[in-house]
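Take a walk through this structure, one stop at a time.

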Amino acid sequence: MSTENHSHHIVSFATQLKVWIALLLLTWVTVTVAYFNFGNMGIVVALGVALVKSTIVLTYFMHLKFDSKILTAFLVLVIVIFGVFIGLTFFDYALR
Amino acid sequence: MNIMSSSISNSDTIAAHYVDEHRDDEASKLGMWLFLFTELILFGGLFLVYSIYRMMNPEAFAAGSFHLNVSIGAINTVVLITSSATVALSISALQFKKKRLTINLLLVTILFAFIFMVNKYFEWGHKFELGLFPGGDAFNALEGGERLFYVLYYFMTGLHGLHVIIGAALIAWVAWEVKVGKQTHDNFAFLENAGLYWHLVDLIWIFLFPLMYLIN
Amino acid sequence: MQENHSTPSHVSFFEETGGRKGIFKWILTTDHKRIGLLYLYSIATFFIVGAALGVMMRLELMYPGQQFVKPATYNSLFTLHGVIMIFLFIIPGIPAVFGNIMLPILIGAKDVAFPRVNLLSWYLYVIGAIFALSTLVFGSGPADTGWTFYAPYSVNTETNVSMSVLAAFVLGFSSILTGLNFIVTIHRMRAPGMSWFKMPLFAWSLYATAWIQLLATPVIGITLLMIFAERFLGVGLFDPSLGGDPILYQHMFWIYSHPAVYVMVLPAMGVISEIVSTFAQRKIYGYRAIAYSSLAIAFIGYFVWGHHMFTSGMSGPARVIFSILTFLVAIPSAVKVFNWLATLYGGSINLKVPLLYALGFIFLFMIGGLTGLILGALATDVHLHDTVFVVGHFHYVMFGGTGFAFMAAIHYWFPKIYGINYNMRRAISSFWVLFVGFNVMYFPMMVVGVMGMPRRYFDYLPEFHVPNFIATIGSWILSVGLIMMIGNLIVAFRKPKRAVDNPWNGRTLEWTVATPPTLENFDVIPTITKGPYEYHEQ
C-alpha cells in the first residue's frame with residue numbers, strides 16, 4: 001500500500017497541441033487515402049493509419065509513455081488475445 | 001464519492017486507533033485501465049462480427065458504406081480528436097494550478113461531446129426518414145450483406161454513442177469536483193481516469209470511422 | 001448464527017458493526033470478509049435450488065417415457081439448472097467466497113483495493129440471481145434453450161430468454177468487477193517484503209482467474225446484447241435467411257464460456273494446493289511450476305473454444321487447430337496433479353476432512369480431465385458430442401472438481417472464519433456418502449453416453465434404462481450426502497466449540513491471524529521475510 005502520487009512530469013501544452021495537429025493530419029490522410037483504390041489492401045491501409053493514430057493517443061494523451069511499463073505490457077497482452085480471437089475465428093470462416 | 005478511487009478508509013470501524021486515508025493513485029489508475037480493457041473487448045466482439053461479415057460480403061458492405069455521409073463522419077472524427085486534446089490539456093492545466101482553465105477545457109470537452117451527438121442525431125434521423133432502420137421498409141428490402149452492414153452500423157455507433165454520453169457525464173462530474181476543490185494539482189486521479197475513459201471513446205471512433213464510412 | 005468469539009485481545013470482525021444494526025451491518029458492509037460470507041449464504045441458497053432442479057431432472061429420467069413433466073418443461077428444467085449452477089454457483093463460487101474472505105489476509109493486507117466496488121459486485125450478483133429466478137414465475141416460463149442460448153432457437157422461442165440473458169449480463173458485470181478488484185489488490189496491496197514468489201498458490205490462482213474474468217466476460221456481454229437485438233429488433237445477425245450465421249453466435253458464446261471453465265477450476269486448484277501442503281505437512285512440491293501453470297492455463301485457455309463446435313460446421317483446419325490447442329492446455333493441468341501427488345508422496349499424511357475432499361477432487365478431476373481428452377480428439381468427439389458422455393465429463397470436472405474443492409475449502413477454513421469447530425466424524429461420513437453418491441450418479445452417464453444416448457432429451461430408448469435408473473438412485477444418495485454435509489456445518493453453531501487459531505498446523509499466513517480475524521486482519525501490517533509455506537508451528 002503506497003501513496004505514490006505522480007512523480008512523473010507534467011505534459012506540456014506544446015506537446016499536447018503537437019499531438020493534436022498530428023492526429024488531424026492523419027485523419028486527413030485517412031480520408032484522402034480512402035479515395036484511392038488499393039483493392040484488397042484498402043482495409044490494411046485504413047487500419048494501418050488508425051493504428052498509428054491510436055498509438056499516438058495511447059502514448060501521449062493516455063500517458064502510457066510516462067507511466068509504469070506494466071500498463072503497456074497489459075495492453076499488448078489484451079491486443080494479442082483479441083487478435084487471436086479474430087485470427088482463430090477467421091481460420092474457420094476463411095477456410096470453409 | 002469516487003467509486004474508483006482506492007481509499008482504504010473502512011467505514012465499518014469505530015476503533016480509535018484507525019489511520020485514515022491511504023490514497024493509492026496508482027491503484028486507481030490500474031483499476032481504470034483494467035476497466036478500459038473490458039470495454040476494448042466489448043467493442044472488440046462487435047469488430048469481430050464486423051470483420052467476419054465484411055469478409056463474407058465485401059461488395060454489400062461497400063454498397064452500405066457508400067450511403068454514409070463521409071463529411072459528417074470526418075467532422076465527428078475531428079470533434080472527438082479535439083475533445084481528447086482538450087481533456088488532456090485540462091490535466092496539464094490542473095497540474096499547473098490553472099483551475100479556471102482546467103474547468104473551461106473540461107466544459108469545452110463536454111461541448112464537443114454534445115456536438116458529436118447532435119451530428120449523430122441528424123445522421124440517424126436522415127436514415128430513419130428514408131426507412132433505413134431495423135423494421136423500416138427500406139431496411140427490410142435490403143439484401144443480406146447490406147442489411148448486416150446497417151445492423152452493425154447502428155449497433156456499433158449506437159453503443160459508441162452511449163459511451164459518449166457516459167463519458168460526458170463523467171467529465172461533467174469531474175469538472176464539478178475541480179470547481180469545489182476535490183480535484184487539485186496534487187490530487188487528480190479522478191480527472192486522469194475520467195480522461196482515460198474519454199480517450200477510449202475517441203480510440204473506438206478512430207477505428208469505427210474508416211471501417212464504417214470509408215469502405216471504398 | 002455468528003458467534004462473538006472475540007478474545008480479550010482481539011475483537012472479531014463479526015462484532016465490528018460500523019454502528020449499523022441488524023441486516024444493515026451485512027448489506028451495507030465493505031469488509032471483504034462479510035462480503036465473502038454474503039456470497040457464501042446467497043451462493044449456497046441458489047445451489048440448493050439448482051440441485052433440486054437436478055434431482056427433478058433425474059426423476060424424469062428414471063424410466064423411459066414421460067414420467068411427470070412435459071418435454072418442453074424438461075427443457076426449461078435443464079436450462080435453469082445450468083444457468084443457476086454455472087452463473088450463480090460455480091463461476092462466482094470459490095473466488096467470491098474464499099477469494100474475498102482470504103485474499104487480503106493471504107497477502108498481508110487489510111482489505112481489497114476497492115471495497116465499495118466489492119460490495120457492488122455482490123449487489124449485482126443478487127440482482128442477476130433475482131432476474132434469473134424470476135423467469136420461473138412470469139410469462140411463458142424459464143428459457144428452454146439450454147444455458148447456451150444458441151441462435152436461432154433462442155431468438156425465436158417464446159420463453160423468458162430475454163430475462164435470462166439480462167440476468168447473465170448483470171452477473172457477468174459482477175464477475176468482471178471482482179476480477180478487476182483482485183488484480184489491483186494483488187498488484188498494489190501485498191505487504192512489504194511479499195514478492196510475487198512469496199505469495200501462496202491460492203493467491204496465484206486467484207490472479208490468473210481474475211484475468212480471465214476480466215477479459216473473457218465482456219465477450220459474452222456483447223453476445224448477449226446481440227441476442228437482445230435479435231429478439232427485439234429481428235435484425236438477422238444470426239439468421240441465415242437474412243445473411244447472418246448461427247455459428248458466429250456459437251463462436252462468440254464459447255469465446256467466453258470456455259475460458260469460464262478455467263474461472264471455475266483454477267481457484268479450486270489453488271485451494272487443493274493449500275490443503276495438500278498443510279495435510280502432507282510439507283511445503284508444496286514444485287511451487288513455481290504450479291504458479292506458472294495457472295498462468296499458462298489461463299492464457300492457452302482463451303484459445304480452445306472451438307472444441308465445443310467440432311460438429312457445427314467449422315472448417316477442417318479450424319477443427320484441427322482447436323483440437324491441438326485443447327490437448328496443449330491439458331499439460332499444465334497435469335503438471336499440477338503430478339506436483340500434488342509428489343507433495344503427498346514425500347509428506348507425512350494427516351488425513352483430516354479437508355484432505356479427504358482434496359483427494360476426492362484429485363480423483364474425480366482426473367476422470368473428468370481424461371474424458372475431456374476423449375472429447376478433445378476429433379474422431380471420438382464426432383461420436384460423443386451432444387451425448388450424455390459430455391454431461392458426465394463436465395459434472396466430473398465441475399462438480400467432482402470445483403464442487404468438491406468448494407466443500408474442501410469450507411471444511412478447511414471454517415474454523416478460521418467462524419472460530420468454532422464442526423463435528424469431524426459426521427463430516428467424514430458426509431464426505432463418503434457424497435463421494436459414493438457422486439460416482440453412482442455420474443459414472444453411468446459415461447457408459448450410456450458411449451452407447452449413444454443424447455443429452456437434453458426428456459426421454460430415451462429402452463436399452464439405456466438401467467444406467468439411468470442407477471444414476472437416479474445416485475442422485476438420491478448424493479442429495480443425502482449434501483444434506484448431511486450442510487446440516488453438520490449448521491449444527492456446529494448450536495453448541496459451538498471454540499476453535500484454536502491453527503487447528504491444522506497450516507503453513508500459510510492466514511493461520512497466524514486471530515480466529516476469527518479482526519476487522520483489519522492484522523494488528524500491524526507484517527513485513528514478510530518467510531516463504532509462503534513457512535508459517536506453521538515447527
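Helix 2 of chain A gives the most to the lining of the second largest pocket: 10 residues. Helices here are DSSP runs (H or I, at least four residues), strands are E runs of at least two, and both are numbered from the N terminus. This is a predicted model, in which local features need pLDDT of at least 70, side-chain atom pairs count only at pLDDT 80 or more, and totals for chains, interfaces and linings use all residues. Residues are numbered from 1 along each chain as its sequence is written, chains are lettered from A and ligands numbered from 1 in the order in which they are written, and side-chain values use heavy atoms, without hydrogens and water.

The lining of this second largest pocket holds 49 residues. Nearest its centre lie Leu47(A), Leu51(A), Phe47(B), Phe207(B) and Leu211(B). Two chains supply the elements that give two or more residues each: helix 1 (13–34), helix 2 (42–61) and helix 3 (69–93) of chain A, and helix 1 (25–56), helix 2 (58–66) and helix 7 (189–213) of chain B. By class, the lining has 32 nonpolar, 14 polar and 3 charged residues. Nonpolar means Ala, Val, Leu, Ile, Met, Phe, Trp, Tyr, Cys and Pro; charged means Asp, Glu, Lys and Arg; the others, Gly among them, are polar. A pocket is an open set of points on a 1 Å grid over the protein atoms alone, where a 1.4 Å probe fits, with protein on both sides within 12 Å along at least five of seven lines; lining residues have an atom within 4 Å of a point.

Now turn to two helices of chain B. The axes of helix 1 and helix 7 of chain B come within 10 Å and cross at roughly 15 degrees. Axes are lines fitted to C-alpha atoms over the stretch in contact, and angles run from 0 to 180 degrees between N-to-C directions. Helix 1 of chain B is therefore roughly parallel to helix 7 of chain B, a label for angles under 35 degrees. Their contact has 17 nonpolar, 2 polar and 5 charged residues.

Chain C is the last stop. It has 16 helices and 2 strands. Its C-alpha atoms fill a box of roughly 70 × 45 × 45 Å along the principal axes.

Some backbone details stand apart. The peptide bond from Ala151(C) to Pro152(C) is cis, with omega near -5 degrees. Pro152(C) sits in the loop between helix 5 (115–134) and helix 6 (153–156) of chain C. The bond from Thr515(C) to Pro516(C) is also cis, with omega near -10 degrees.

Key. Parallel < 35°, antiparallel > 145°, perpendicular 65-115°, else oblique.
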